[in-house]
Amino acid sequence: MAQTQAAARRGSADREARPEKLQPVNTGRSPGAFSQEEELEAYRSMLLIRRFEEKAGQLYGMGAIGGFCHLYIGQEAVVVGLQMAMIQGDQVITAYRDHGHMLATGMDPKGVMAELTGRRSGYSRGKGGSMHMFSKEKNFYGGHGIVGAQVPLGTGLAFANRYRENGNVSLTYFGDGAANQGQVYESFNMAKLWSLPVIYVIENNQYAMGTSIKRSSATTNLCKRGQSFDIPGEQVDGMDVRAVKAAGDMALEHARSGKGPMILEMLTYRYRGHSMSIPPSTGPRKRCRRCAPNMIRSSRSAYGCRRWAGQARTI
Amino acid sequence: MGWAGEDDLKEIDKEIRLVVNEAAEFAQADPEPDPAELWTNVYAEA
């Protein structure tokens, strides 16, 4: 009897805790079919990122990787779809969840992995680590540890493009957490004022570290965040590589033709915890019975669960 | 009909695994930075 009650309680907690899938606002634009070549290229790129990240997680667990390590698992379609829409010379800049972006731009997996393990042949000679890698050759500008700091930098890249009239576009990625940063809006203002060729890609994975967007953001429709600057925005199903590519084509065309910045809000989800040093399924959080059984649930409620907070005080 | 069968996809899977395993092995066999690098790339050259 007690058992069934507990099971019922668990069941209701399950329902309560399951994140609802965010649905993008219907834009009327169809995702667009891929050719055979595109389908296989997308599959290959996404698979490379997934397997690479799994290996990085494994090496981290073995102690071969030190420092921070934020895995991109779950969000692969965003970066792969946009990369397929880009042309040679377009720049990419992002924050610390950056391995996927590097692999998508064509950086060498050996160099990236060697940087993770802090070795000589790494992209920053083993001195940068997971969050600090760059490749001028592949137009990848990092790799930034400070939340939101890449947004003014990416806007600067767009300024350079405009100054040089080279026809390139800067793709500036940031997350739903960074979308509440002041410097993001300073950048929006300048980007629109000077009609800079920049696309702000908000990777909305619904959690700023462990905090739900609903608990941290006054408005959760992030594609509308440019409204007061008259920057158009669109919500995209970030779990569908075809939808991402189609939105990327549209936004790149917009920016390249001199119409100024654009916001793409990618509705996505990460299947792992915020970082390897905050693993979702090990450590003290295991003691929280409400959170422990399900990895997704525990990463979601890592900081939101009262029992976990209570446990944290007593541990 | 169909652009790729199960075997074709498995082939891609195998290739990717090979690339990733090679990267991991390389990353563990490669030497650590030289101690002489400790103070390089910290400040811009005057």
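1. Buried area is the accessible area (1.4 Å probe) that two parts lose on being put together, summed over both. Between chain A and chain B of this predicted model, that area is about 2500 Å², with carbon and sulfur atoms giving 63%. Counting contact as heavy atoms within 4.5 Å, 27 residues of chain A touch 26 residues of chain B.

2. A word on conventions: the model is predicted, with local features needing pLDDT of at least 70 and side-chain atom pairs counting only at pLDDT 80 or more, while totals for chains, interfaces and linings use all residues. Residues are numbered from 1 along each chain as its sequence is written, chains are lettered from A in the order in which they are written, and side-chain values use heavy atoms, with hydrogens and water left out.

3. Four salt bridges (a side-chain nitrogen of Lys or Arg within 4 Å of a carboxyl oxygen of Asp or Glu) are found between chain A and chain B. One of them pairs B:D13 with A:R51, whose closest N and O atoms are 3.5 Å apart.

4. Which elements give two or more residues to the side of chain A that touches chain B? They are α2 (36-61) and α5 (109-116) of chain A, and α2(A) gives the most, with eleven residues. Helices here are DSSP runs (H or I, at least four residues), as are strands (E, at least two), numbered from the N terminus.

5. Have a look at α5(A) itself. Seven of its eight residues are buried, so α5(A) is largely enclosed by the rest of the structure; buried means under 20% relative accessible area, exposed over 50%, and partly exposed in between (1.4 Å probe, protein chains only). The buried residues of α5(A) pack against α2 and α4 (99-104) of chain A, and also against α1 (6-29) of chain B. Just after this helix, A:G118 has a positive phi of about 70°.

6. A:F174 is in strand β2 (residues 170-175) and A:Y200 in strand β3 (residues 198-204) of chain A, so the pair ties together parts 26 residues apart in sequence.

7. Most residues other than glycine have a negative phi, and most peptide bonds are trans. A:R125, in the loop between α5 and α6 (150-164) of chain A, has a positive phi of about 55° and is partly exposed, with a relative accessible area of 41%. In the loop between α5 and α6 of chain A there is also A:N139, with a positive phi near 60°; A:N139 is buried, at 14% relative accessible area. A cis peptide bond joins A:G142 and A:G143, with omega about 25°.
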